[in-house]
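Me: I am new to this structure and would like to go through it step by step. Could you show it to me?

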Amino acid sequence: MNISTLSKTTLEQRLKNGGLLFRTGPITIRLQSSIAAIAEGLHLLYGEYTLVDEDEFIDFHVRFEPPRGLRRWYRPQVEFEFDGHRPFKPLPYNQAFAMFEWALNWCVANHYHHYLIIHAAVIEKDGRGLIMPAPPGSGKSTLCAALVNRGWRLFSDELALISLTDGMLVPLPRPVGLKNESIDIIAEFAPQAVIGHKAIDTAKGTVAHMKAPTTSIQRSAELAPPAWLIFPKYEKNSDMSLVPHSKAHACVYLAENSFNYNVLGVDGFRAVSKVIDQCACYDFTYSCLDEAVDLFDSLEPPG
Amino acid sequence: MSLNHLKQCWRITSGFSPEWREWEGEMVVYDSYSGDTHAFDAVTAFVLQTLSTQSQDTETLMKQVAGQFDLPPDAELLAYLEKVLNQLSSLRIVIPA
């Protein structure tokens with residue numbers, strides 16, 4: 001049974017009371033909140049995620065509520081609670097849904113150590129995975145959003161989950177975070193995309209989340225081997241280019257941009273090495289999404 | 001370059017337990033002792049592999065590098081080798097024996 005089978009009123013009641021229990025990829029969550037924006041965001045962007053029974057194991061128990069105190073009357077805020085702890089300072093109330101998304105990423109990145117987790121977008125086509133690690137501002141999420149609206153399957157726009165046993169990529173298809181100009185660019189590029197509420201004046205500027213494609217959510221149990229590791233970079237008015245990237249450098253980059261490489265020790269190195277073994281590695285510069293999609297669609301799998 | 005300098009012997013640091021992989025002539029080393037990961041060029045990788053089997057002095061290492069990569073064992077190569085050894089030393093992977 002999916003979240004969309006709940007009426008908005010029932011959804012709000014579950015969130016306010018015992019919590020909404022649902023699954024995204026391999027992860028189960030109990031979410032509690034009385035904040036309307038979180039209920040609205042879930043209603044809009046999470047309808048196709050599976051509800052979880054009370055007797056199932058829950059990975060993360062999270063709660064988002066306004067903090068107590070006078071401030072709630074003149075400057076409302078939202079506070080994140082994780083297993084009874086409050087790891088972050090509150091954020092402005094209008095950023096509640098964005099905080100939910102960021103907090104969930106934090107939960108996975110810092111606690112899900114039976115996978116190697118790398119800060120990267122992951123997509124898949126024809127059974128082959130493509131990993132896009134890149135620093136903020138490189139256009140990674142914009143490119144990822146464009147590609148998953150043109151036939152690529154979304155695994156994640158932020159967290160690459162890599163199995164320690166067989167090196168397979170594990171889907172965690174959640175809404176794609178878009179920032180600033182990217183929100184309107186994707187709205188124009190993919191008019192069918194469902195984009196949620198814009199949170200303004202966040203630490204990242206204006207932020208909105210795009211709903212993960214239905215097929216990506218439905219196929220979230222289907223793993224894929226990595227085939228390409230591409231470092232994207234958006235450069236205005238640039239000519240598109242795809243040039244080989246040193247595998248040794250790519251290996252070190254993945255290690256340095258992993259959330260739990262140090263926790264995993266030599267198992268982390270072996271997992272990263274396995275990814276590098278399997279992938280063709282490139283630097284990719286682009287300025288036009290249509291051209292980028294065409295190039296990605298024509299990528300040859302590594303020999 | 002003094003004779004003493006050329007005769008300086010080097011060895012792998014005790015406890016250094018590397019796991020390494022090589023791609024396209026470049027090597028990546030995982031140091032399970034420190035948890036650090038390093039990418040090295042072919043010469044550095046060769047020096048590290050050589051010292052992993054046996055301690056060597058700088059002069060002998062230079063001759064081995066020269067033979068391996070078909071380079072003249074001259075001052076330029078020696079300067080590069082010293083740079084490599086300093087890098088490995090600063091990472092506490094090799095130490096004077």
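This is a predicted model: local features need pLDDT of at least 70, side-chain atom pairs count only at pLDDT 80 or more; totals for chains, interfaces and linings use all residues.

Me: How is chain A divided?
Reply: Chain A consists of domain 1 (3-111) and domain 2 (116-297), with bounds from an automatic or database domain assignment. The C-alpha centres of these two domains are 24 Å apart.

Me: How many residues of each domain are in contact?
Reply: In chain A, 20 residues of domain 1 are in contact with 22 residues of domain 2; contact means that C-beta atoms, placed from the backbone, lie within 7 Å. On the side of domain 1 that touches domain 2, the largest share comes from α4(A), with seven residues. Helices (H or I, at least four residues) and strands (E, at least two) are DSSP runs, numbered from the N terminus.

Me: Which residues does α4 of chain A cover, and how far does it reach?
Reply: Helix α4 of chain A covers residues 96-111 and reaches 22 Å from its first C-alpha to its last, close to the 22 Å expected. The expected span is 1.5 Å times one less than the number of residues.

Me: Is α4(A) enclosed or exposed, and why?
Reply: It is largely enclosed by the rest of the structure, because twelve of its 16 residues are buried. Among them are F97(A), W102(A) and V108(A). Buried means 20 or more other C-beta atoms within 10 Å of the residue's own, exposed 12 or fewer, and partly exposed in between, with C-beta atoms placed from the backbone.

Me: Changing topic, how many residues does each chain give to the contact between A and B?
Reply: Chain B gives twelve residues and chain A gives 13. On the side of chain B that touches chain A, β3(B) gives the most, with four residues.

Me: What is chain B built from?
Reply: Chain B has four helices and six strands, in the order α-β-β-β-β-α-β-α-α-β from the N terminus on.

Me: And its dimensions?
Reply: The C-alpha atoms of chain B fill a box of roughly 35 × 30 × 20 Å, taken along the principal axes. Of the 97 residues in chain B, 27% are buried.

Notes. Residues are numbered from 1 along each chain as its sequence is written. Chains are lettered from A and ligands numbered from 1 in the order in which they are written. Two residues are in contact if their C-beta atoms, placed from the backbone, lie within 7 Å.
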